[in-house]
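Please consult the sequence and the model while reading.

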Amino acid sequence: GIVDVRKGQLTFANAGHEYPVFTDEEGRFDYFKDRHGLVMGLKADMEYTDSQRDLKKGDMLFVYTDGVLDAQDYDGDAYGPDRLTDVMNAYQGVTPCELTERVLESVMDYSKDVDQFDDITMLAFEYLGDDERKADQDAQPSDGYNERIGEIRIGAKIENSREAVGFVEEQLINRGY
């Protein structure tokens with residue numbers, strides 16, 4: 001996915017992943033039923049359809065692997081999508097980091113007597129708005145904007161993953177994270 005922080009817009013493609021979860025106008029978490037494509041890597045020439053979502057200040061996005069929903073308890077019952085949003089809605093207003101921690105605690109508690117059989121990966125993102133960036137954008141040419149934030153364009157191929165990770169690390173270091 002790509003977040004345009006100036007426009008407050010997320011453009012993304014779903015390559016067979018679980019539905020993303022967004023906050024609604026009241027701050028409650030719910031699934032965004034986007035267009036699913038085939039699992040990435042299944043067909044070499046597969047094309048994916050973009051979905052878009054406008055973001056408002058404070059909107060949160062939560063994406064995760066199927067290991068979250070498929071985690072099982074001792075009886076073999078899956079954690080499931082309803083339990084996920086119930087837990088998330090119990091923690092409205094927390095930071096993205098706190099949200100992922102609370103969800104992970106819930107999943108681990110649910111499946112505490114069962115060996116984990118799939119990866120459990122989560123990412124939460126909060127859109128903080130673009131008030132300062134709009135002012136900066138009005139004052140500077142657009143190429144200056146990209147220079148300050150950084151931009152990379154590479155093909156979506158596994159062999160490019162090290163370059164992508166290196167770029168993100170460099171951007172975080174440059175910003176003091």
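A residue is called buried if its relative accessible area is under 20%, exposed if it is over 50%, and partly exposed in between, with a 1.4 Å probe and protein chains only. Buried residues account for 29% of the 177 residues in the protein chain. The model is predicted: local features need pLDDT of at least 70 and side-chain atom pairs count only at pLDDT 80 or more, while totals for chains, interfaces and linings use all residues. Residues are numbered from 1 along each chain as its sequence is written, and side-chain values use heavy atoms, with hydrogens and water left out.

**Fold**

Helices (H or I, at least four residues) and strands (E, at least two) are DSSP runs, numbered from the N terminus. The protein chain has six helices and seven strands, in the order β-β-β-β-β-β-α-α-α-β-α-α-α from the N terminus on. Helix α6 (residues 161-174) comprises 14 residues and spans 20 Å from its first C-alpha to its last, close to the 20 Å expected at 1.5 Å a residue; the expected span is 1.5 Å times one less than the number of residues. Just after α6, Gly176 adopts a positive phi of about 85°.

**Aromatic contacts**

Rings of Phe, Tyr and Trp (its six-membered ring) pair if their centres lie within 6.5 Å; planes under 30 degrees apart are stacked, over 60 edge-to-face, and the rest tilted. The whole structure contains four aromatic pairs. Two of the pairs are tabulated here.

| Pair | Type | Centre to centre | Angle between planes |
|---|---|---|---|
| Phe62 and Tyr64 | stacked | 5.6 Å | 25° |
| Tyr79 and Tyr110 | edge-to-face | 5.5 Å | 80° |

Tyr79 lies in the loop between α1 (66-70) and α2 (81-90) and Tyr110 in helix α3 (residues 96-110), so their pair ties together parts that are 31 residues apart in sequence. Tyr79 and Tyr110 are buried, and both Phe62 and Tyr64 are buried. Elsewhere, ring pairs join Phe12, Phe22 and Phe32 into a cluster.

A charge sits over a ring if NZ of Lys or CZ of Arg is within 6 Å of the ring centre and within 35 degrees of the ring normal. The charged end of Arg53 sits over the ring of Phe22, 4.2 Å from its centre. Arg83 lies over the face of Tyr79, 5.7 Å from the ring centre.

**A residue in a loop**

Leu38 is located in the loop between β4 (29-31) and β5 (51-54). Why does Leu38 count as partly exposed? Its relative accessibility is 38%.
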